[in-house]
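Dear colleague,

Please find below the structure that I am handing over to you. My notes on what was found in it follow directly after.

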Amino acid sequence: MTFTSGDQAILHIDLDALVANWRRLGAMAPQAECAAVVKADGYGLGAAKVGKALQTAGCRRFFVAHSEEALALRQALPDPQTVIHILHGPTAGGEAELAAANLTPVLSTPGQIAAWSALAKRLDRRLPAALHIDTGMNRLGLTDAEADAVAADPGRLDGIALEFVMTHLACADEPDHPLNKQQADRFAAWRQRFANLKGSLANSAGIFLGTDWHHDILRPGIALYGANPLAPSAGPRHETGKMAEVVHLQGKILQVRSVDRGMTVGYGAGYIVEKPTQIATMAVGYADGLSRALSGRGSAIIKGRQGHVRVPIAGRVSMDLITLDVSALRPEDCPPGTPVSLLGGGIDLDEQAAQAGTIGYELLTQLGKRYRRIYKTRDMEDRA
Ligand SMILES: *Cc1c(COP(=O)(O)O)cnc(C)c1O
């Protein structure tokens with residue numbers, strides 16, 4: 001892309017802030033290893049870029065969801081010392097390819113265990129893996145009966161070099177939820193059954209629950225990317241979950257128009273102007289991941305001579321455009337070309353997500369492909 005002065009919005013991704021978040025989470029559990037979850041293309045921010053930045057900072061263990069994601073990440077991080085885990089386990093029939101790429105699946109079913117063990121025997125070498133035991137999520141992982149059968153008959157793991165056992169918390173973002181303690185207790189009991197193996201329990205929010213949840217390997221995702229992993233209902237503790245800002249989405253005003261009282265703005269003519277209003281149009285829409293649910297709800301920040309001014313989204317979000325009520329600014333302070341922040345730069349990711357009726361996870365992973373992405377690191381700006 002050589003045409004750099006168009007109306008395309010810019011997604012600034014601050015890799016230094018990402019690394020700072022990873023270091024901060026690791027420092028909360030100094031005896032544990034801090035891994036990084038980079039599934040869904042690094043929560044929408046680019047798994048290869050995120051992975052390389054964290055690897056440079058010392059991260060040696062990554063988690064993705066799919067086998068395809070793992071194979072792609074291995075291309076970006078070829079160092080054999082860098083461990084890449086597949087949370088969904090090895091794709092049936094694809095085990096040999098995954099082993100050849102030095103990937104370490106998380107085994108969640110008796111069938112996956114049997115297939116990985118059979119491949120190890122066939123190759124006549126030990127294949128690394130982790131074991132996922134369900135403790136209350138009822139989504140992935142061995143059931144109690146299945147885990148019990150494996151613990152009672154270690155022969156099922158023949159040829160498998162088990163690195164750790166793991167489980168996943170259902171309610172870590174709500175620190176007072178009783179399931180957190182129950183899952184920690186159940187997991188501690190399973191670790192006894194699988195003596196000498198390391199354990200991994202905490203996602204981002206789990207790290208904030210305390211030492212009983214830390215175990216040996218941390219698995220943060222969302223907090224690395226700057227979202228607050230703790231729910232607003234966590235009360236004063238919510239504040240402790242504030243992370244360094246990684247994402248700043250910035251677009252430009254295309255046009256500003258005066259709209260008279262009684263006129264409407266946008267599709268459906270649902271937004272009726274009650275007093276003379278200045279409407280600014282910018283080139284970001286739902287095709288760019290700004291949910292249609294933000295119609296008449298979300299806000300933006302315009303940085304003008306009056307400082308940061310928060311303005312509301314007026315009318316419906318359309319595919320490629322949104323309209324803002326900029327009546328709070330003087331026209332000379334928001335001419336076409338004025339930069340507008342939609343995420344970051346004064347607009348909290350979690351707050352904008354909540355306005356859309358969703359969570360930071362979904363907002364990030366929906367960010368579209370049309371942005372010009374600028375990755376910032378201490379040494380350079382990498383324009384992609
Ligand atoms: C996605 C995921 C994580 C990371 O969770 P965050 O809430 O983003 O920190 C950790 N473990 C498992 C099993 C996951 O699926």
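No disulfides (pairs of cysteine sulfur atoms within 2.5 Å) turn up in a search of the whole structure. A disulfide is a covalent bond between the sulfur atoms of two cysteines. Cys 171 counts as buried (under 20% relative accessible area, with exposed over 50% and partly exposed in between, for a 1.4 Å probe and protein chains only) because its relative accessibility is 11%. Cys 334 also counts as buried, because its relative accessibility is 1%.

Please note that this is a predicted model, in which local features need pLDDT of at least 70 and side-chain atom pairs count only at pLDDT 80 or more, while totals for chains, interfaces and linings use all residues. Residues are numbered from 1 along each chain as its sequence is written, and side-chain values use heavy atoms, leaving out hydrogens and water.

Helices (H or I, at least four residues) and strands (E, at least two) are DSSP runs, numbered from the N terminus. Strands S4 and S5 run parallel and are joined by four bridges; two strands pair if DSSP finds at least two bridges between them. Val 64 stands opposite Ile 86 in S5. From S4 the chain crosses through H4 to S5, in a right-handed β-α-β crossover; right-handed here means that, with the strands pointing away from the viewer, the path from the first strand over the helix to the second runs clockwise.

Helix H4 (residues 67-76) has as its buried residues Ser 67, Ala 70, Leu 73, Arg 74 and Ala 76. These pack against helix H3 (47-57), strand S4 (61-64), strand S5 (83-86) and helix H5 (95-100).

In S5, Val 83 and His 85 point one way and Ile 84 and Ile 86 the other way, and all are buried. S5 also pairs with strand S6 (residues 104-107), in the parallel sense and over two bridges, with Ile 86 opposite Pro 105 in S6. A right-handed β-α-β unit is made by S5, H5 and S6.

Thr 104 lies in strand S6 and counts as buried because its relative accessibility is 3%. Neighbours within four places in sequence aside, Thr 104 is in contact (heavy atoms within 4.5 Å) with residues including Val 83, Ile 84, His 85, Ile 86 and Glu 163.

Yours sincerely
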